[in-house]
Amino acid sequence: MKTIDVCLSPELMHLYPVQDKTVVVVDILRATSCMVTAFAHGVESITPIANLEECQNLKLRGYVISGERDGKKVEGFDKGNSPFEYMGEQVRGLKIAFTTTNGTQAIEKSKGAKDVIIGSFLNLNAVAKYLLLNEHNVLVVCAGWKGKVNLEDTLFAGALVDKLKDYLGPDCDAPLAAQHLYNIAKDDMVSFLNASSHVRRLNKLNIHDDLKFCVTPDQYTVLPRLINGVLQLR
C-alpha cells in the first residue's frame, strides 16, 4: 500500500526525504488557490519564485508579475494574491511570475521531489484522482506562515488524507492528526477558521470573500504540475 505523509511546515522538510515522492504543495490562503484559479481561467504558465527581486526582474521579459508579502500586494506588481484577480478572459494566455510569503517558498523547498503538484480545496478531487493513479508515495507540504503551522493548510491535508484513506496509509501521526482536525471542521470551515492566526491577519485586509471561496471544494478540475521549475497543466 502506498503511503501519505504531511509536513506541517516547510521548516520541517529536512525530516522528509522527497526524492521518490509526489509532493502536494498547499497554501490555501492564498497562493495555491490563486494558482489553481489562474489555470482554470486559461493562463499559459506560472513561474513560482521565492525571491522578490528575481520576480520583479521578470517583468522585463514580458511576464505578468504577481504576489504578496505579509498578505499585501507588492508595490509595483501587476497582481496580488486574491483568487478573484485571476479570473476571466483577462488572464487567458498570460505567463505569470509569482512570489509569495509562504507558498512559493514551500514550492522551492519541494523541488527535489519526484513530482510536484499544486493543491487547494478548489481542485481537491483532481488532486486525489492524480494521487490514486500515481505510483509514488505522497507528501503533503503545508506552506504555513513564516515557518509556523497554520490551520487552513492542515485542514486541506486532512481532507486529502480522508479522501484517500482506503488507498494510502498514513506514514506517521501527522496525517492522522490532520484528518481528525478536518473531520471536526468540515461542516463549517469558515467558522472554524475565524479564530486562526492567518484569518485574523487577513481580516485586516478585508478578504472575507477570499476565505469563503478558498475553502470551497472542487470548483475546478485543473491540476498544475511543476515541470522544469515552471507550473503547467499536466
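Which backbone nitrogen does the side chain of Asn102 reach? I looked, bearing in mind that this is a predicted model. The side chain of Asn102 reaches the backbone nitrogen of Lys146, at 2.6 Å.

**Entry 1: around Asn102**

I placed Asn102 in the loop that runs between strand S6 (95-99) and helix H3 (103-109). Is Asn102 buried or exposed? Its relative accessibility is 6%, so Asn102 counts as buried, the cut-off being under 20%. I then listed its contacts, skipping neighbours within four places in sequence: Asp27, Glu68, Ala143, Gly144, Trp145 and Lys146.

**Entry 2: Ser66**

Next I went to strand S4 (residues 64-69), where Ser66 has its place. Ser66 has a relative accessible area of 0%, so I put it down as buried. Leaving out residues up to four places away in sequence, I found Ser66 touching Cys55, Phe77, Lys79, Gly80, Tyr86, Ile96, Ala97, Phe98 and Thr99. I also checked Ser66 against Arg201: they are 135 residues apart along the chain, and their C-alpha atoms are separated by 20 Å.

**Entry 3: strand S7**

How many residues of strand S7 (residues 115-119) are buried? I count five of its five, so the strand is mostly covered. Asp115, Ile117 and Gly119 point one way from S7, while Val116 and Ile118 point the other way. For pairing, I noted that S2 and S7 run in the parallel sense over five bridges. Within S7, Gly119 is the bridge partner of Val26.

**Entry 4: the nonpolar cores**

Which residues have the most contacts inside the largest nonpolar core? They are Val24, Phe121, Leu131, Val140, Phe156 and Leu160, in a core of 36 residues. Several elements each supply at least two residues of this core, including strand S1 (2-7), strand S2 (21-26), helix H4 (124-133), strand S8 (137-142) and helix H5 (151-163). H5 gives the most, with six residues.

I took a closer look at Val140. Again leaving aside neighbours within four places in sequence, Val140 is in contact with Ile4, Asp5, Val6, Cys7, Val24, Val26, Phe156, Ala157 and Leu160. Apart from this core lies another, of 33 residues, and I wrote down Met13, Cys34, Val43 and Leu231 as being among them.

Note on methods: Residues numbered from 1 in each chain as written. Predicted model: local features only at pLDDT ≥ 70, side-chain atom pairs only at ≥ 80, totals over all residues. Heavy atoms only, no water. Helix = DSSP H or I, 4+ residues; strand = E, 2+ residues; numbered from the N terminus. Buried < 20%, exposed > 50% of the residue type's maximum accessible area, 1.4 Å probe, protein only. Polar contact = N/O pair within 3.5 Å; in protein donor to acceptor, adjacent residues only side chain to side chain. Contact = heavy atoms within 4.5 Å. Core = buried A, V, L, I, M, F, W, Y, C linked by side-chain atoms within 4.5 Å. Pairing = 2+ DSSP bridges.
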